[in-house]
Structure formats: C-alpha cells, structure tokens
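Me: I'm new to this one and would like a close look at a single part of it. Could you walk me through it slowly?

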Amino acid sequence: MNGGVPLVKNICCIGAGYVGGPTMAVIAAKCPEITINVVDVNQKRVSDWNSEDLANLPIYEPGLSEIIEIARNRNLFFSNEIAKKISEADMVFISVNTPTKTKGLGAGLASDLRWVESCARQVAEFAKERTIVVEKSTLPVRTAQVIKSILDSSTSKIDQDKKIKSFSVLSNPEFLSEGTAIDDLEFPDRVLIGGEDKLAIEALTNIYLNWVPKTKIITTNLWSSELSKLIANAFLAQRVSSINSVSAICEATGADVREVADAVGMDSRIGRNFLNTGPGFGGSCFKKDILNLVYICKYLGLEEVANYWEKVVEINTWQKKRISQKIVQNLFGTVAGKKIALLGYAFKANTNDTRETPAKTIAEDLIEEGAILAIHDPKVDVVNIQNDLGPEYKGIDYYQVNNGVWSYYDVIEEAVKGADAIIILTDWDIYRRINWDKITSLMRYPAWIFDTRLVINKENLNNNNLNLWQLGTTN
Ligand code: UDX
Ligand code: ADP
C-alpha cells in the first residue's frame with residue numbers, strides 16, 4: 001500500500017481471446033514485477049497459447065509472438081486454473097466474449113452477458129480479501145452495476161484467510177484494433193478508467209504509468225467510461241458506412257471515392273482516417289456495439305436516436321448485398337457453375353479473425369447463386385471458413401457441379417486458374433503486390449476483377465481484355 005493505494009503484484013485475466021491475450025502480454029512485458037495469469041475455460045486455447053511453436057498461437061497479430069517469447073513463463077502464464085488464479089490475484093480483469101443475444105429478451109440487439117455474469121460469480125466465490133475487478137470486455141452501459149450486485153452479495157463472506165471480502169469495480173475499455181493491437185497497446189491514444197473508488201483507480205493508473213504518459217490516462221465515472229467505448233465504436237462504424245454510401249454515389253456520377261475521401265479528409269475537422277471504402281465493416285465489435293446502443297436507446301424510449309444508429313448497420317448490410325449483386329449482374333446475370341476466386345476472407349488485413357467478415361455474406365450469396373468459390377487467405381484457418389460456409393468441396397471437376405460450393409487454396413495462382421472472376425475482399429498487402437498481368441492470364445475469358453478494397457493500381461494493368469470493377473469508381 002502507498003497512501004492507501006493498493007500495490008498490484010498479481011493480476012488474473014479471465015478470457016484468453018483477442019482482447020485478453022494481447023493486452024496481458026503487453027502489461028506483462030511492461031511490468032516484469034507483476035505476475036499475470038491469463039485463464040480460460042477453453043483448454044485448446046490455453047494449450048495453443050502455451051505452444052512451443054509460436055506460429056501456433058491462437059491469434060495472429062503482428063509483434064505478438066515476440067512479446068510472448070519474452071514474457072511467457074517469466075511473469076505471464078496461461079492456464080485453466082480459474083479458481084486458483086482468481087484467489088491469488090489483487091486485480092481481476094474480465095475479458096470474456098459478449099456477443100449479441102440470439103434468443104429471448106433483446107434477441108438480435110442486446111449483448112449476451114451470461115459469460116460476464118458467470119465470471120462475476122467466480123470472482124465473488126474465489127477472490128481474496130480485497131480485489132479490484134476491471135471490466136475489459138465491451139459491455140452495455142451499467143453492466144458494472146450487475147457485476148457489483150453479484151460481488152456485493154458475497155462481501156459478507158470471508159476468504160480462505162478468514163478476512164472479509166471487499167471489491168471495487170472499474171471500467172477500463174480496450175480500444176485496440178486487430179492487426180495493430182500491439183502498437184495500439186504500447187502507444188495508446190488514451191487509456192480510459194471509469195470508477196468511483198479513487199484508490200482502485202490510482203492502483204490501475206500506476207500500472208499504465210509504466211509506459212503510458214500521465215496526460216493520456218483519463219478518468220471518468222463508470223457510466224461515462226462504459227458509454228464512451230460504445231460511442232467510439234459507433235462513430236468509427238458510422239464513418240465507414242458514410243463513405244460506403246458515398247461509394248455508390250461515386251459509381252453513379254463518375255466521381256472517384258478515393259479523391260472524394262482525400263478532399264473531404266483534408267479538412268482537419270474531418271480527418272482522413274476511417275474513410276476507406278470497402279465491402280462493409282466486420283469484426284466482433286462494430287455491429288454488436290451499435291446494436292447494443294440501439295437496444296439501450298429503445299429501452300430508454302429514445303426511438304429516433306435508436307433509428308439513427310440502426311441505419312449505420314443497415315447501410316453495412318446493404319453494401320455487402322450490393323457487391324454480390326454487382327458481381328452476378330456483370331457475369332451475365334448468372335454465376336452458376338462459374339469459378340470465382342475470392343481473395344481475402346479475414347474481416348480486414350493482418351488478422352486471422354473472421355468474425356462478422358463481409359466475405360462470409362458475399363460468399364454465401366454467391367454460393368446460393370451456384371458459384372464455385374476458390375477461397376484464398378494468407379492467415380485464416382480453413383476451419384473457420386468451414387464453420388461459416390459448411391463443408392469444403394474436395395471434388396476436381398468444377399464445371400459439372402450444379403450447386404454452389406467452395407474450396408480453400410494456399411496458392412493464389414491455383415485459386416485463380418480457370419476462374420471467370422476474382423473478388424478482392426481483404427486489403428492484405430500480398431494482394432497489392434500481385435502481378436496482375438501474369439495472374440489474369442490464368443483466367444477464363446471474358447474475365448472480371450471486382451476490387452472492393454481498391455488495391456489495384458489501374459495504371460499497372462496492361463491486360464486489355466480484362467474487365468475491372470473497382471468499388472466507388474467508374475472503372
Ligand atoms: C474496432 C475498433 O477500431 C477498436 O477501437 C475496438 O477496440 C474494436 O473494434 P477492429 O474491429 O479490430 O477494431 O477493426 P477496425 O480497424 O476498427 O476495422 C473494423 C472494420 O471496418 C473492418 O472490417 C475494416 O475493414 C473496416 N474499415 C475500417 C473500412 O472498411 N474502412 C476504413 O476506413 C476503416
Ligand atoms: P474477445 O475478442 O472479446 O477477446 P474472444 O471470444 O476472442 O473475445 O475471447 C473470449 C474468451 O473468454 C474465450 O476464449 C472464452 O473461452 C473465454 N471465456 C468465456 N467465459 C469464460 C469464463 N466464465 N471463464 C473463463 N473463460 C471464459
């Protein structure tokens with residue numbers, strides 16, 4: 001203790017996912033004197049985190065394996081010993097999944113808090129005398145209240161040393177973006193800590209001060225912190241939907257969406273970030289958080305506000321549909337029995353994450369229309385595609401199949417061979433570096449490229465027989 005501020009020596013993080021794993025790895029690297037245990041119910045995930053071969057870590061994130069190599073088994077440990085590690089911790093981070101509810105009250109909009117609730121119950125049962133509980137997962141506003149009620153119902157209980165338990169709940173939302181998670185964690189724009197217990201806030205602040213300047217650490221009340229996370233994601237998603245709506249206007253008018261984005265983005269009040277048009281936003285957060293915001297607004301009787309934010313998701317759905325329709329229309333109104341190479345299945349570059357990826361919706365539409373999809377992605381595990389699209393087609397005689405199917409290819413050339421069209425859905429760097437004249441010579445003609453990420457520089461394309469469609473342009 002330092003003037004009553006608890007000194008955190010042992011952290012337990014519940015949830016070894018895309019948020020918990022990288023976040024704890026960076027804290028462990030920056031604070032070697034703190035022991036950090038990341039626990040998860042998923043045995044396979046834990047053993048993947050402990051894998052000798054760093055290529056087998058459960059998530060791909062640039063810079064992550066280097067940090068894991070330094071900190072793992074020094075002061076960073078992954079295990080399934082949830083109860084034990086909670087009981088040893090001064091501070092517990094809750095970093096579990098909070099997907100949209102699929103059934104019951106609020107289905108399709110509200111977040112499913114069953115995993116958060118179960119964590120709170122485990123903390124209530126196993127924590128020691130004084131524990132600071134930190135919400136890391138993105139949560140609906142006032143979730144801290146739920147966590148508090150569960151914890152408070154156990155505060156009359158005593159821990160294993162016969163001391164009365166007490167808890168402080170803080171909200172410390174994570175703003176990391178996949179693909180740049182390590183950079184975002186090491187050099188955050190801000191660290192937000194919401195709470196009422198000043199000493200607990202200071203304890204958490206002291207951890208971040210090991211590498212984050214004080215001016216970047218802001219403190220608010222609990223509800224502002226929880227709401228700020230939802231609103232940050234809603235604003236970012238809104239920019240993507242805005243530029244995607246503009247992409248359609250550009251195609252209809254002869255404007256070029258890149259030029260419009262540059263011209264508009266040079267206004268310092270607007271800025272150029274998050275104005276890249278694409279096949280629609282994916283990832284685990286944007287849609288879930290906006291729907292959650294919509295649910296909260298409806299609950300609060302703010303119908304107009306709910307409708308406003310709901311439009312951001314509607315435009316996103318429309319953009320994906322619009323792209324699959326464009327492909328079918330341009331391929332003479334039918335893709336049945338046609339081979340289409342789909343380049344990029346991850347929801348964005350530099351991640352193996354496929355949650356809410358626009359590629360899933362577009363692939364489903366094309367398979368429904370009878371296409372033979374040849375999917376390539378440099379990092380996505382084929383199992384994830386299988387979970388989305390059903391069994392992979394292992395046949396060889398493509399053109400005799402009546403129903404749409406998909407297959408996975410490691411090599412771009414193999415995916416493209418004999419294809420009538422290529423669709424680029426993820427902005428992986430390797431797709432920017434493709435020699436298009438060479439690759440397109442492998443296709444069946446007339447051939448099309450549908451570039452939804454604007455990775456192709458038209459100037460470098462000398463194949464006059466090729467049809468190029470680029471989102472938000474008249475190419
Ligand atoms: C997001 C938030 O950025 C992050 O702060 C939060 O903690 C979690 O949610 P993430 O989902 O990892 O992060 O990815 P992000 O970079 O925000 O991209 C989301 C989606 O929007 C991707 O599908 C991406 O391709 C798309 N996008 C983004 C665009 O289409 N155009 C852009 O200009 C930016
Ligand atoms: P995020 O992107 O928010 O990190 P993930 O789904 O990648 O979400 O990770 C959440 C992790 O939390 C999963 O690995 C899941 O197994 C784990 N988890 C969920 N509930 C619990 C729980 N009660 N105890 C321990 N781990 C849990």
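Predicted model: local features only at pLDDT ≥ 70, side-chain atom pairs only at ≥ 80, totals over all residues.

Is the crossing of α5 and α6 right-handed or left-handed?

Reply: The crossing of α5 and α6 is right-handed. To find the pair, look for α5 at residues 114-126 and α6 at residues 143-152. Their axes come within 9 Å of each other, and the crossing angle is roughly 35°.

Now for the residues that meet there. On the α5 side you'll find V116, E117, A120, R121, V123 and A124. Their partners in α6 are T143, I147, I150 and L151. Sorted by class, this contact is made of 7 nonpolar residues, 1 polar residue and 2 charged ones.

The shell counts 18 residues in total, and the closest of them are V19, D40, R45, S118 and R355. By class, it splits into 8 nonpolar, 7 polar and 3 charged residues.

The side chain of R45 has an N or O atom 2.9 Å from an oxygen atom of ligand 2. As for how covered the ligand is, it would expose 590 Å² taken alone, and the protein buries 89% of that.

There's another ligand to set beside it. Ligand 1 is surrounded by 19 residues, with F175, E178, K229, N276 and K348 the closest. Here helix α9, residues 222-253, supplies the largest share of the shell, 4 residues. The classes come out as 10 nonpolar, 4 polar and 5 charged.

Again, you can pick out individual pairs. A polar backbone atom of F175 is 2.7 Å from an oxygen atom of ligand 1, and a polar backbone atom of E178 is also 2.7 Å from an oxygen of this ligand. K348 works through its side chain instead, with an N or O atom 2.8 Å from a ligand oxygen. On its own, ligand 1 has 670 Å² of accessible area, and the protein covers 91% of it.

Before you go, here are a couple of backbone details to look for. Most residues other than glycine have a negative phi, and most peptide bonds are trans. N350 isn't a glycine, yet its phi is positive, about 65°. You'll find N350 in the loop between β9 (339-343) and α13 (358-368). The other detail is the peptide bond from Y445 to P446, which is cis, with omega near 5°. P446 sits in the loop between α17 (436-440) and β13 (447-451).

Terms used
Residues numbered from 1 in each chain as written. Chains lettered and ligands numbered in written order. Heavy atoms only, no water. Axes fitted to C-alpha atoms, helices over the stretch in contact; angles between N-to-C directions. Helix = DSSP H or I, 4+ residues; strand = E, 2+ residues; numbered from the N terminus. Left-handed = near helix turned anticlockwise from the far one by under 90°. Contact = heavy atoms within 4.5 Å. Nonpolar A, V, L, I, M, F, W, Y, C, P; charged D, E, K, R; others polar. Near = heavy atom within 4 Å. Polar contact = N/O pair within 3.5 Å; in protein donor to acceptor, adjacent residues only side chain to side chain. Areas by Shrake-Rupley, 256 points an atom, 1.4 Å probe, with all protein chains shown as cover.
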